[in-house]
Every structure is written in structure tokens, then in C-alpha cells.
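Take a brisk walk through the model below. Keep the sequence at hand and follow each stop in the 3D view.

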Amino acid sequence: MSTKLETTTDSAWTIFLIFLRLGLTSFGGPIAHVGYFRSEFVMRRAWLSERSFADLVALCQFLPGPSSSQLGIALGLSRAGARGAAAAWLGFTLPSALALALLARGMAAWGQAAPAGALHGLKIVAVAVVAQAVWGMARSLCTDVPRFGIAAVSAILALSWPAAAGQIAILAAAAVLGSAWLKPADDGVRAPLPIAVRRRYGALLLGLFFALLIGLPLAAGLWPSLPLSLINAFYRAGALVFGGGHVVLPLLQAAVVPPGWVNNETFLAGYGLAQAVPGPLFTFAAFLGAAISGWPGAAICLLAIFAPSFLLVVGVLPFWESWRHQRRARAALAGVNAAVVGLLFAAWCHPVWSSAIFLLSDFGLALLALLALMRWKLPPWLVVAAGAGAAWLSSLSF
């Protein structure tokens, strides 16, 4: 098995078809996605060695954004350059993005005819899904008292200061505390990363990443318009979320609900629906965009939330070799990861729990969904469907 990635082995069309199949069948969130990728690209196709695959996984976990999508982008880049990266992302993302956008348009068309019990069931299932995420992340990221302390303080601050600016300030403070206070685990010696990208090109993309992060809020303030405001909000969410997946919930909720773009009920119903489709959870952006402004909104929000991933993955690769061995960088990431647990717990308290659990029966259904996910290991799509159906039937009986 080769220890290097070849750069011109496959056409972009071949890569698209491979990742399209994964996008149609990869349920279970980013951790499960990594397992699917390993089975496909290390075991079956031998695109790269186990050690090289682990290196790429480490890189994508270090960066903000959806780690499994970033891993796919890196693999596509290695096989067919920029076209391969775009093909891998499109194939993996398209199935769930189309499904969620269609569901959003359907909900808009149904209006009051949408079954209220089923929508409430989706919000209840979201309570269980986020609780599972908080528990799993806390076990792996809050392994000592300092990390737990950062998570607890972050949760309290997030509940007191729920705006998007508060989320960003908490993450920045956690990075500073982590670099000065935490001792990262010794990862040992890692194999060199197999993708060659020129440092000059990487620096240009990183500069563009930060230019957009700083410039988009200024542009949205100077030239107010819905498309520019959407690009700003979703680009910021994609650029500042560490941990991927469920962690994007508080940033997106703070970005789209207070301005009135989407009401809280639709937001949480869509978040529940996002658990029932395969592929990356960041395609929840397509649901929100479609709910806000139809198909153009879905495309704008989807591209905006994934744009930082492209810029960061390709931009950081040439610098990663030296950076990943620096103690302070790994300690800062440990602090950010602990804060992420606190932010997600705060989001679980409000709005997830506070807008879904009103009756003892709601609590019972949420507990049953949590047992189905954590104890019985049922697939999320099945739990979501069953929860929505059970809540709907319960509403009919009363």
C-alpha cells in the first residue's frame, strides 16, 4: 500500500460518483463519516496509507468547520487538484442539501397544514440528539478539571450572552486560556502529510479567509441587503465553529432567529430533519436558506457556510507540518474544544430544551429517543422518523 497520495489518478467525474455514493449512504455524523472514508479510501481503494489517513484526519479536526467534509475536500484535492476537491465536496454534500431544501420548501408550501404534532416531535428528538452530542464530546474533550472548568464557564457566559458576538468572544478567550493553562496530550511523531501545496498559494488563500471574515460584516453594514447578510452570517458560522456538526447550532440560531429570518419553531424542526438525512450536518444551511429565500437562498447559504472549509484546508496544508508540533497551538485548540462543549450545552438548555419540553410526555419521548440513540444504537434517521410519528399520533389522540 502506497504511503503517498497520487495527484492525477482519477478524473473529477469519478471522484464525484464515489463521493455521491458516500453522500447517499453515510449516516451517523462526522465520526461515522471518518469510518466510512477509511473503509473506502484506505481499505478498499488504497488511495493512501493508514498513517497518512490519520494525518489528514488530525488536520481536519484541528481546523474549524465540518471535519468530514474537509477530509473529503483534502482527498479530492490529492487525486485531481481543485476540480477533485470540488467534485468530492459536491458529491458528498448534494444529497442531503437537496433533501433538506426540498423539505424546507414543502414546509413553506404546507403552511398551517403542516402537522403540528410531527413538527413538535422533531423538536423533541433534537433534545435527544444534542444531548448525545454533548455527552460524547464532554467525555473526549473535558478530560480534567481545567477543561471542565472552561466548559462550565463557557456555558454560563453563553446563556447570559447568547448573541453571535458572544460565541466568538468565548471561543477566543478559551484559546488564550488553553494556550497558557492546559497541557495537551503528546501525540508522538506523525508521518509527513502527503499533499504538496505551495506555501505562497496557501498564504494567499488564508489571507482571503481572514479578509472575508473581517470584510463581510463591514460590507453587510455598509450595503444592507438580504443576500450579503446571509453570506456574512453563514460564512462566519462556517469559519468559527470548532467541532463541526452539532456545534454549529448555537451560532446559526443566534444568526437567523433574532433577525426574524426564520422563527424558532422552524429552526428546530429543520434541525430535527437534518438528523434524518445522510451526509454532513452543515447542509442544515440549505434548509435555512430555502426557508428564508427559496432555492437561491439555499444555494447562497450552502456555499457560504462551506467556503471557509475550502480556503482553510488548502491554505493550511503547507504550514501544518511545523504548526501541529507546537505545544501552544495544540493547547489553544484544547481550550477551544472545551469551550465548544459549554456552548453546545448552553444551546441544549436554550433553545433546544426550552422550546420543546413542556409536558411530562415530551420528557418521556425525549428520554426514549436518547435511549434509542445511546443504548440501543438505532440509526438517527429511524429515531427522527419514529419521534415525529409518535408525537403526531399523540396529538391526534388528544
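Helices here are DSSP runs of H or I with at least four residues, numbered from the N terminus. This is a predicted model, in which local features need pLDDT of at least 70 and side-chain atom pairs count only at pLDDT 80 or more, while totals for chains, interfaces and linings use all residues. Residues are numbered from 1 along each chain as its sequence is written, and side-chain values use heavy atoms, with hydrogens and water left out.

Stay with this pair. The axes of H10 and helix H11 (residues 264-274) come within 11 Å and cross at roughly 150 degrees. Axes are lines fitted to C-alpha atoms, for helices over the stretch in contact, and angles run from 0 to 180 degrees between N-to-C directions. H10 is therefore roughly antiparallel to H11, a label for angles over 145 degrees. On the H10 side, the contact uses Leu 249, Leu 252, Gln 253 and Val 256; H11 supplies Asn 264, Phe 267 and Tyr 271. Contact means heavy atoms within 4.5 Å. By class, this contact has 5 nonpolar, 2 polar and no charged residues. Ala, Val, Leu, Ile, Met, Phe, Trp, Tyr, Cys and Pro count as nonpolar, Asp, Glu, Lys and Arg as charged, and the others, Gly among them, as polar.

Now turn to the other partner. The axes of helix H9 (residues 226-240) and H10 come within 10 Å and cross at roughly 160 degrees. That makes H9 roughly antiparallel to H10. The crossing of these two, H9 and H10, is right-handed. Ala 233, Phe 234, Arg 236, Ala 237 and Leu 240 of H9 meet Val 248, Leu 251, Leu 252, Ala 255 and Val 256 of H10. The contact of H9 with H10 has 9 nonpolar, no polar and 1 charged residues.

How enclosed is H10 (residues 248-256)? 9 of its 9 residues are buried, so H10 is largely enclosed by the rest of the structure. Buried means under 20% relative accessible area (1.4 Å probe, protein chains only), with exposed over 50% and partly exposed in between.

Last stop: the aromatic rings. Phe 19, Phe 37, Phe 41, Trp 47 and Phe 92 form one aromatic cluster. Rings of Phe, Tyr and Trp (its six-membered ring) pair if their centres lie within 6.5 Å; planes under 30 degrees apart count as stacked, over 60 as edge-to-face and the rest as tilted. The count comes to 17 aromatic pairs. One of them is Phe 37 with Phe 41, edge-to-face at 5.8 Å centre to centre and 70 degrees between the planes. Phe 37 and Phe 41 are 4 residues apart in helix H2 (residues 29-44), so about one helical turn separates them. Both Phe 37 and Phe 41 are buried.

Methods
Parallel < 35°, antiparallel > 145°, perpendicular 65-115°, else oblique. Left-handed = near helix turned anticlockwise from the far one by under 90°.
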